[in-house]
Amino acid sequence: MNQDNTENIDKDVVDNELNYSEGIDSTTPEMTQEEKLQEDLAKEKDKFLRLFAEFENYKKRTAKERVDLIKTANQEVLLALLPVLDDFDRALVEIAKTEDEAMLKGVELIFEKLKSTLLSKGLEQVEIRVGDDFNADFAEAITQIPAPSANLKGKIVDVVEKGYKLGDRIIRFPKVVIGQ
């Protein structure tokens, strides 16, 4: 065989391989116009359904993001009011030491009104008590002291500052002292 015949045979083999790998069989007759149209219609329906599903997912995702944004929109204002809540707690302790019941009752009423207003906006206190196991996911340890009793080792000995959450997110972790 000469060089030209070898090249022609190689080209035919490559062309047949390409046709086979592309799913085109050279012995298969051409599709009719109706079959082509049906195939195109099926492809377009598939594209439409995929696009529709993608759009539905987009709508759900943006709606969820909008709800989350609304829930946490007040976060900065609520964070600014947390020191006021702390001051009220300290003031109530000091006023309770005095004999003035009217002042104590008045401050308690104002404090309860502020707490109920913040509660209506989604602010909740993180429930941590003395004697609870320490969990770094829900509290911030500021120091460790020798445990006053054996059953308080590794547990919360004192809550220095209350923690608060807005919805499911903790916006200020409670500051606690742990026994060692």
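Predicted model: local features only at pLDDT ≥ 70, side-chain atom pairs only at ≥ 80, totals over all residues.
**Notebook: salt bridges and a charged patch**

I started with a pair of side chains: glutamate 39 and lysine 43 meet in a salt bridge, 3.5 Å from N to O. My cut-off for a salt bridge is a side-chain nitrogen of Lys or Arg within 4 Å of a carboxyl oxygen of Asp or Glu. Side chains of opposite charge can pair when their charged atoms come close.

Residues are numbered from 1 along each chain as its sequence is written, and side-chain values use heavy atoms, with hydrogens and water left out.

Why are glutamate 39 and lysine 43 separated by about one helical turn? They are four residues apart in helix H2 (residues 33-72). Helices here are DSSP runs of H or I with at least four residues, strands are E runs with at least two, and both are numbered from the N terminus.

Next I checked exposure, where buried means under 20% relative accessible area, exposed over 50%, and partly exposed in between (1.4 Å probe, protein chains only). Glutamate 39 is partly exposed at 35%, and lysine 43 is partly exposed at 46%.

Then I looked up aspartate 133 and lysine 155, whose side chains meet in a salt bridge at 3.3 Å, N to O. This pair links distant parts of the chain, 22 residues apart: aspartate 133 is in the loop between strand S1 (123-125) and strand S2 (140-145), and lysine 155 is in the loop between S2 and strand S3 (156-161). Aspartate 133 is exposed at 55%, while lysine 155 is partly exposed at 24%.

Glutamate 140 sits in strand S2 and lysine 175 in strand S6 (residues 175-179), so the pair ties together parts 35 residues apart in sequence. Salt bridges with shared partners join Asp86, Glu140, Glu161, Arg172 and Lys175 into one network.

How many salt bridges does a search of the whole structure find? I noted 14.

Last, I zoomed out. The protein has four helices and six strands, and along the sequence the pattern reads α-α-α-α-β-β-β-β-β-β. Buried residues make up 17% of the 180 residues.
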